[in-house]
Structures are given as C-alpha cells and as structure tokens.
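Colleague: I would like to go through the labels used for this model. Please set each value against its definition.

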Amino acid sequence: MENTGLPLVSVITPAYNQGKFLRDTIESVLSQDYPNIELLVLNDGSTDETENILKEYTGRIKWETQVNMGQTATINKGWRMTKGEIITWLNSDDTFLREGVRKGVEYLMAHPETSIVFSDSLFTSADGTPLQVSKPQPPFDYKNFVTICENPVPQPSSFIRREVVQKAGELDTTFYYFMDWDFWLRAGLFVKIDYVKDIWSTYRLHAESKTVSQSLKLAPELEYMYRKFFSRKDLPPGIRMLKKKAMMNMYFTTGGYYIQGQDKKNASKMGWAAFKQNPAGIFSFTNLHKFLYCSFGLSTWGKQLRKLKASK
C-alpha cells in the first residue's frame, strides 16, 4: 500500500491471544482509503490461532512471531522496525473506520504545527455491536490535561509524527495499562496535540480487555506516572506550578479505581492523600464530592451522592 507522494503511515499491531478479533483489525487497515500504509503485526508469543491467521496475510502485510515480551515493549520494537513519517498502534481487538487514517494524515498535513492529532472512538461490545462514542472533548489544552488527571485520548484514534518519539522518548515499558497516557504527558512538553471532533476508530470492550478488568492495578500505575512526571528536572515553571492540584486530582482518580475494585480502605486513603497535596482544595464542592466518594463510594450514602451529582 505505497504511494510515495503521500506520507507513509506505520501501524503497529501487538497481538497476543486475540485471534478471534485479529482479522477484523487487519481488514480495517487493509480497507483504508489512504494508499500509503505499512502494517506490522507482531505476534507476541500467542498460543491461540494468531499465527495461522497471520500466515493467511503473508505478502499483504508484514508480520513476525516473537517470544512474549509484553505489549509496550512490542510497540516500541515495531516503531523501530518501521519507517513511516506518521506512526500509531492499533491493538489486535480494535479497528480503524475506513476514513480514519486518511483524516488523521490530512489534519497533520494541513497543520504542520501539530505533532499529535486524535479524534473520538466508537466503543463496541465483543461482537462488534456499537455501544457508545467516547466522550466528546473541548479543544485539547495541555495544562488542563495535566491538572485534571483524565486521559481524553482514545488511543486507536491517534496519529503521531515520528519526531515525537525522538523528542519525548519511546513508550515507558514500566507501564502495562497507562503507556499511552504517560506518552501524551511527556509528549505535550515538547509538541502540540490537537483534538478533532470525529470518529476514526472502534474500541472493543470485552472480558479480556484491560479497560474492563483489574481496576486495582490501575491505581499504583497512575500514582507512579504522576510522581515520575513531576520529578522531571525539565518541567517548565508554568507546568510545575500545577503540581498541587494535579496531584490532588491524581489521588482522587486513584481512589475511584480502588472503589471500582471494591477496596474501600485504600480508596479512603487516597481521598485524604488528595487534600494533603492541596489543602485549599477542600473549599471546592466538586473536590468535596470526590473526597466523599472515595470515603463512602460503596455505601448507600455514596450512591446518594452520585445521584445528587447526576441531578446537577
């Protein structure tokens, strides 16, 4: 799929035991209306039908089977093995919509000042049934992104200039869940990130997907990510001054993960840790609600608080 008149897009697909979804992923790339794409699928030691499926596509895509090394390291390896001016990764249970790649590339070509662009994603069930679109975003604001401690970027709808990796570094292999969130945090220190109100991909939710299971493992990764970020020596003063509010919101978010994992003790600890980071935050109704949710989120009172917030 090459046309030397257009930027080459390198798509890396790390594949591990998701053969039942893999064909959909590959076909979504092959059916793009953008003509200059290289797809590299790295089979990360799968024990299911993944390799047999990849053999069917020999000559149409690039693929390789390797000893299991994990998703994050596999994506980094794939980026090193490819040469596209624009890069991304598409997990083996997600898909591009037909115009997704073209629209991402066209935006970057029309906005040379932008190095990362993303749009919305359509969440689907395991069988591909549409569920809902990811939450529409206001224009991307890096300082707000750092402060509120929420990741607004649906990763399969993101396109990245290769130069970003040269400036911000590869994905941090410490992360199992938040390698993308950590990458946006680091990249935003060096490059401009834009949001486009559109839908460029589908994001499949199923029993094995990391976004559905293992909530208790999310909290320590998020805390590590923010502690690492604010320990950087090269943070601009305007970003460093956000630390108190950002760390407060990080602890509230980790408390929410503990609530989802039914760990009331650690959720409560996160609520107190949040106000310890930013004592002035106690005068905000929103922050008080978050604190009470961390403290009582699993109780009847917690349910009433959520209903109160929803009614506002």
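Colleague: Where does Lys217 lie?

Modeller: Lys217 is in the loop between strand E9 (192-204) and H8. Helices (H or I, at least four residues) and strands (E, at least two) are DSSP runs, numbered from the N terminus. This is a predicted model, where local features need pLDDT of at least 70, side-chain atom pairs count only at pLDDT 80 or more, and totals for chains, interfaces and linings use all residues. Residues are numbered from 1 along each chain as its sequence is written, and side-chain values use heavy atoms, with hydrogens and water left out.

Colleague: What makes Lys217 count as partly exposed?

Modeller: Its relative accessibility is 47%, so Lys217 counts as partly exposed. Buried means under 20% relative accessible area, exposed over 50%, and partly exposed in between (1.4 Å probe, protein chains only). Lys217 is also 9.2 Å from Tyr176, C-alpha to C-alpha, with the two 41 residues apart in sequence.

Colleague: Why does Lys77 count as buried?

Modeller: Lys77 has 18% relative accessibility and therefore counts as buried. Lys77 sits in helix H3 (residues 71-81). Neighbours within four places in sequence aside, Lys77 is in contact (heavy atoms within 4.5 Å) with Leu42, Glu64, Gln66 and Met69.

Colleague: Why is H7 described as largely enclosed by the rest of the structure?

Modeller: Nine of its nine residues are buried, so H7 is largely enclosed. Among them are Trp181, Phe183, Trp184 and Arg186.

Colleague: Why are H7 and H8 called roughly parallel?

Modeller: Helix H7 (residues 179-187) packs on helix H8 (residues 218-230) at about 15 degrees, their axes 11 Å apart. Axes are lines fitted to C-alpha atoms, for helices over the stretch in contact, and angles run from 0 to 180 degrees between N-to-C directions. Angles under 35 degrees count as roughly parallel, over 145 as roughly antiparallel, 65 to 115 as roughly perpendicular and the rest as oblique. The pair is therefore roughly parallel.

Colleague: Which residues of H7 and H8 meet?

Modeller: From H7 come Trp181, Asp182, Leu185 and Arg186; from H8 come Leu222, Met225, Tyr226, Lys228 and Phe229. By class, this contact of H7 with H8 has six nonpolar, no polar and three charged residues. Ala, Val, Leu, Ile, Met, Phe, Trp, Tyr, Cys and Pro count as nonpolar, Asp, Glu, Lys and Arg as charged, and the others, Gly among them, as polar.

Colleague: How many bridges join E6 to E7?

Modeller: Three bridges join strand E6 (residues 114-124) to strand E7 (residues 130-133), and the strands run antiparallel. Two strands pair if DSSP finds at least two bridges between them. Thr124 stands opposite Pro130 in E7.
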